Amino acid sequence: MGANMRSSVDEVGHLRAQLERVQGRKLDAPVLPTHPALAELLPGGGLRPGSAYSLPASGSLLLALIARASQEGSWCGVIGMPELGAEAAERLGVDLDRLVLIPDPGPRWLTVAATIADVLPIVAVRPQGRPMGQEVSRLAARLRERGAVLLVEGAWPQAEAALRVSEPEWSGLGEGYGYLAGRAVTVTASSRRWPVPRTSRMLLPAADGTVSALRDEGGQRAPITAIGGGAREAARDESLGASSDAAEAAYAPLQVRAAG
């Protein structure tokens, strides 16, 4: 190896060490695993330690993201989501022995999230207010120092990736009447690490509560109208990107009739 090449290698190593000291983690640190259908949408193929991710208000997506990591030994904390149930989490594969639920963190939710990130590798939170820039920076530094992953319901500054769920299509209607069995959605991931968003069609969840990639079969979707269970209207899931939490429908079937 020539002197110039050795010098270049040494310089790259020096810069790498500097970046790792600044970011508080190794650049080649392994990502935390997630479901393969979601892994292909994420930078590095998983949840990167020390990073934050922006999610829509979808309990099914959140649980699918953390299930594989919990199965492989990672503890997960969920903050400020009182409607997220243990049954739904278990059906999507989350290890309940490694799940901590904090339904109501109060106004100090950001402090709670930072404290939980000290001890748990994955923290999911629904913000209870708009955090200040300095608070976000301190939490980001804590994540890098501890190598924790933050999953935020809503927009978040400097997120590693922002996920969006759209085009929901329910199955199980039969001949215009029946019970909702599964839901196909389009999941889109945008990241500063690539110029074009990545998109995948998947069952989230399938009829058996699992998650799987779905190939486009060119089918037509049928509008649906709820005829029972007024508190759980199917129309709520037509606006997934805003405020829908579809996990409940996967475990307590909703009786519907096709419109028209």
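This is a predicted model: local features need pLDDT of at least 70, side-chain atom pairs count only at pLDDT 80 or more; totals for chains, interfaces and linings use all residues.
Residues are numbered from 1 along each chain as its sequence is written, and side-chain values use heavy atoms, with hydrogens and water left out.

The protein has seven helices and twelve strands. Both are DSSP runs numbered from the N terminus: helices are H or I with at least four residues, strands are E with at least two. Of its 260 residues, 44% are buried. Buried means under 20% relative accessible area, exposed means over 50%, and partly exposed lies in between (1.4 Å probe, protein chains only). Contacts here mean heavy atoms within 4.5 Å. Among contacts between residues at least 6 apart in sequence, 65% join residues at least 24 apart.

Start with the sheet. Nine strands form it, in the order E3-E2-E4-E5-E1-E6-E8-E9-E10. The sheet is open and its pairing is mixed. Two strands pair if DSSP finds at least two bridges between them. At the edges stand strand E3 (99-102) and strand E10 (212-213), each pairing on one side only.

Strand E2 (residues 76-79) pairs with E3 in the parallel sense, over four bridges. Val 78 sits opposite Leu 101 in E3. Helix H5 packs on the sheet here and touches E2, E3 and strand E4 (122-125). The direction of H5 makes about 165° with that of E4.

Next comes E5. How many residues of E5 are buried? Five of the five are, so E5 is largely enclosed by the rest of the structure. Val 149, Leu 151 and Glu 153 point one way from the strand. Leu 150 and Val 152 point the other way. E5 has E4 as a parallel partner, joined over four bridges. Strand E1 (residues 52-55) also runs parallel to E5, again with four bridges. Leu 150 in E5 stands opposite Val 123. Leu 150 also stands opposite Ala 52.

Now the helix pair. Two packed helices are described by the angle between their axes and the distance between the axes. For helix H5 (residues 109-117) and helix H6 (residues 133-146), the angle is about 10° and the axes are 9 Å apart. That makes H5 roughly parallel to H6. Angles under 35 degrees count as roughly parallel, over 145 as roughly antiparallel, 65 to 115 as roughly perpendicular and the rest as oblique. Axes are lines fitted to C-alpha atoms, for helices over the stretch in contact, and angles run from 0 to 180 degrees between N-to-C directions. From H5, the contact uses Leu 110, Ala 114, Thr 115 and Ala 117. From H6 come Glu 135, Leu 139, Arg 142, Leu 143 and Arg 146. These residues divide into five nonpolar, one polar and three charged. Ala, Val, Leu, Ile, Met, Phe, Trp, Tyr, Cys and Pro count as nonpolar, Asp, Glu, Lys and Arg as charged, and the others, Gly among them, as polar.

Turn to the charges. Side chains of opposite charge can pair when their charged atoms come close. A search of the whole structure finds ten salt bridges. Each is a side-chain nitrogen of Lys or Arg within 4 Å of a carboxyl oxygen of Asp or Glu.

Arg 142 meets Asp 118 in one of them, at 2.9 Å from N to O. Arg 142 lies in helix H6 and Asp 118 in the loop between H5 and E4, so the pair ties together parts 24 residues apart in sequence. Arg 142 is partly exposed at 28% relative accessibility. Asp 118 is partly exposed too, at 30%.

Arg 126 pairs with Glu 83, with the closest N and O atoms 2.6 Å apart. Arg 126 is in the loop between E4 and H6, and Glu 83 is in the loop between E2 and helix H4 (86-91), so this pair ties together parts 43 residues apart in sequence. Arg 126 is partly exposed at 22%, and Glu 83 is partly exposed at 39%.

Glu 160 and Arg 193 form a salt bridge at 2.5 Å, N to O. Glu 160 lies in the loop between strand E5 (149-153) and strand E6 (161-171). Arg 193 lies in the loop between strand E8 (182-190) and strand E9 (198-203), and the two residues are 33 apart. Is Glu 160 buried or exposed? Glu 160 is buried, at 1% relative accessible area. Arg 193 is partly exposed, at 44%. Both belong to a network of salt bridges that links Arg 48, Glu 160, Arg 192 and Arg 193.
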